Amino acid sequence: MTQSLDLAIIGNANIAALIDARGEIVWACLPRMDGDPVACSLLRERKGEDDFGFFTVALADFSHSEQEYLANTPILVTRLYDRRGGAVEITDFAPRFRHHARLFAPMTLVRQLRPLAGSPRVRVLLRPASQYGAKRPALTYGSNHVRYVAENYVLRVTTDCSITALVDELEFVLQRPLAFLLGPDETLQGGVTETARRFHEETADYWRDWVRDLQIPFEWQDEIIRAALTLKLSAVDDTGALVAAVTTSIPEAAGSGRNWDYRYCWLRDAYFTINALNRLNATRTMERYLGYIINLAAGSEGALLQPVYRINGTAQMQEREVASLPGYRGMGPVRVGNQASLQVQNDVYGSAVLAATHVFFDRRLMRTGNDALFAHLEALGARAVAVWDQPDAGLWELRGAGRVHTFSSVMCWAACDRLAKIGARLGQAQRAAHWRALADRMHRGICERAWSEKRGSFVASFEGEGLDASLLLLAELGFVPAADARYRGTLAAVERELKKGDFVFRYTEPDDFGAPQNAFLVCSFWLVDALAATGRLEEARAMFQGLLDCRNRHGLLAEHVDPATREQWGNFPQTYSMVGLVNSATRLSIGWDQAF
């Protein structure tokens with residue numbers, strides 16, 4: 001079966017897995033989302049009986065399948081049908097619920113299998129991989145479990161399936177429900193089927209309660225709920241980090257070589273993600289993420305921040321290529337780590353300050369901002385002042401020569417602007433005045449050097465003439481009002497030069513890998529927001545609906561889309577894209593008081 005991004009995600013905010021239309025687990029990293037993939041057939045297409053790196057139920061005489069999430073949960077149900085009237089149902093999830101007044105979210109995947117009709121014949125193929133698909137672990141087993149022993153992990157599946165049928169991969173008639181609990185090498189207390197049933201019920205209850213607490217608008221409720229659940233699954237309870245995507249090396253376009261590892265936390269995403277979580281009233285997830293960002297800000301040596309960090313908050317993530325995996329549809333290379341961690345991206349100081357600003361103003365949060373945190377943020381502000389007019393790689397992480405990117409400069413201005421507001425909030429009038437004066441000076445400088453009279457718009461870099469889609473954010477960030485003629489001119493220029501068909505490209509000029517072939521989805525959501533902010537609501541709603549139509553059948557979005565075919569490309573599911581959906585939907589929806 002050809003690899004595609006018609007995938008569903010399951011998880012519990014500690015681990016995650018991607019599942020294809022036939023119920024095959026094609027991607028899962030354990031024990032953490034940035035760890036070694038035990039399932040990796042997403043990056044190595046199956047071609048023969050000796051393949052490994054997946055977990056699937058093979059139905060004899062397969063005819064077709066159906067798949068859906070249980071409402072308001074990330075619990076996935078797949079039904080497989082054969083040509084003789086037989087059918088089976090697979091239910092996949094990762095447990096998450098409260099137990100003894102504590103959150104229980106183990107690094108465990110649960111798979112329930114039951115017959116639906118006829119006499120379906122199945123083979124259960126559980127073939128984990130290790131070292132990025134290079135090796136297949138050794139196998140040992142007992143009366144109701146199988147252990148997979150690799151150099152870097154020991155994995156155990158506990159099951160009431162015949163161990164012989166599982167180990168020898170024998171075909172059998174499925175006559176009764178079976179359960180598989182795949183996770184750490186720990187003995188299961190209690191019966192497998194009963195444990196799986198209880199985990200299922202309590203996990204479903206947990207997620208439905210979580211959704212019930214969300215604050216959502218009247219329109220596009222199902223779309224927003226699925227996006228919110230996906231954002232939650234991209235978070236890591238243990239550290240508060242939120243990964244950009246759960247995959248690595250899905251190319252941005254066919255054969256482009258733009259294959260990156262996104263299983264890390266980008267500071268740039270913080271402001272937009274926290275805004276989305278705030279709009280949804282997902283305050284606990286927001287607070288954990290804020291804690292992660294604040295820890296990085298407080299612990300930065302000399303106020304130096306890098307653009308991206310590992311889930312555990314450490315900085316090292318050397319980029320390397322993995323020869324053992326050929327890549328999505330054979331389009332390598334497969335990369336682990338991300339060289340962006342070594343780049344200079346000056347917008348990170350504004351990103352950190354913008355995110356942390358919430359703790360000074362949002363009274364719902366348990367942790368509130370104080371003078372000590374303000375002092376840490378002031379160190380970041382000082383760094384922003386030092387670099388606001390210096391060249392960097394920019395938010396698009398260009399690997400060639402650096403330029404003074406307008407977006408980076410505006411984010412440095414935003415750091416000073418918010419520090420002035422925080423200082424006023426804390427009653428530190430002198431510090432507030434200090435930061436306001438610096439912000440005003442930077443604002444004047446940006447307007448002088450990033451405005452093009454020739455184009456009648458702001459431009460992507462100082463003294464340049466090119467455009468990039470981040471200019472759409474100037475009103476969102478408060479740099480200029482949406483009614484400002486300069487912003488309207490910039491919006492018109494972006495529409496004229498970066499909008500190709502129904503989508504917005506981040507930029508169109510060639511970079512280190514040539515000219516971009518596909519559109520970066522979040523940029524199109526930025527245009528939706530810009531249209532709405534400038535009063536073009538009908539156009540914004542029509543464009544937003546077109547973007548919703550690009551989602552896969554489970555309501556998920558990747559990073560890029562082919563403007564011609566509307567096929568999704570890039571790492572998946574992309575947090576930035578789901579955030580764009582939430583932010584645009586909440587802005588465009590009519591209010592509850594207008595609905596009836």
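1. F199 is buried, at 8% relative accessibility. Buried means under 20% relative accessible area, exposed means over 50%, and partly exposed lies in between (1.4 Å probe, protein chains only). F104 counts as partly exposed, at 29%.

2. This is a predicted model: local features need pLDDT of at least 70, side-chain atom pairs count only at pLDDT 80 or more, and totals for chains, interfaces and linings use all residues. Residues are numbered from 1 along each chain as its sequence is written, and side-chain values use heavy atoms, leaving out hydrogens and water.

3. The structure holds 22 aromatic pairs. Rings of Phe, Tyr and Trp (its six-membered ring) pair if their centres lie within 6.5 Å; planes under 30 degrees apart are stacked, over 60 edge-to-face, the rest tilted. F104 and F199 have ring centres 5.5 Å apart and planes at 55°, so this pair is tilted. F104 sits in strand β10 (residues 102-104) and F199 in helix α2 (residues 192-212), so the pair ties together parts 95 residues apart in sequence.

4. One aromatic cluster is formed by F272, W396, Y507, F520, W526 and Y576.

5. Two arginines lie over ring faces. R44 lies over F52, at 4.7 Å from the ring centre. R111 lies over F55, at 4.7 Å from the ring centre.

Technical notes. Helices (H or I, at least four residues) and strands (E, at least two) are DSSP runs, numbered from the N terminus. A charge sits over a ring if NZ of Lys or CZ of Arg is within 6 Å of the ring centre and within 35 degrees of the ring normal.
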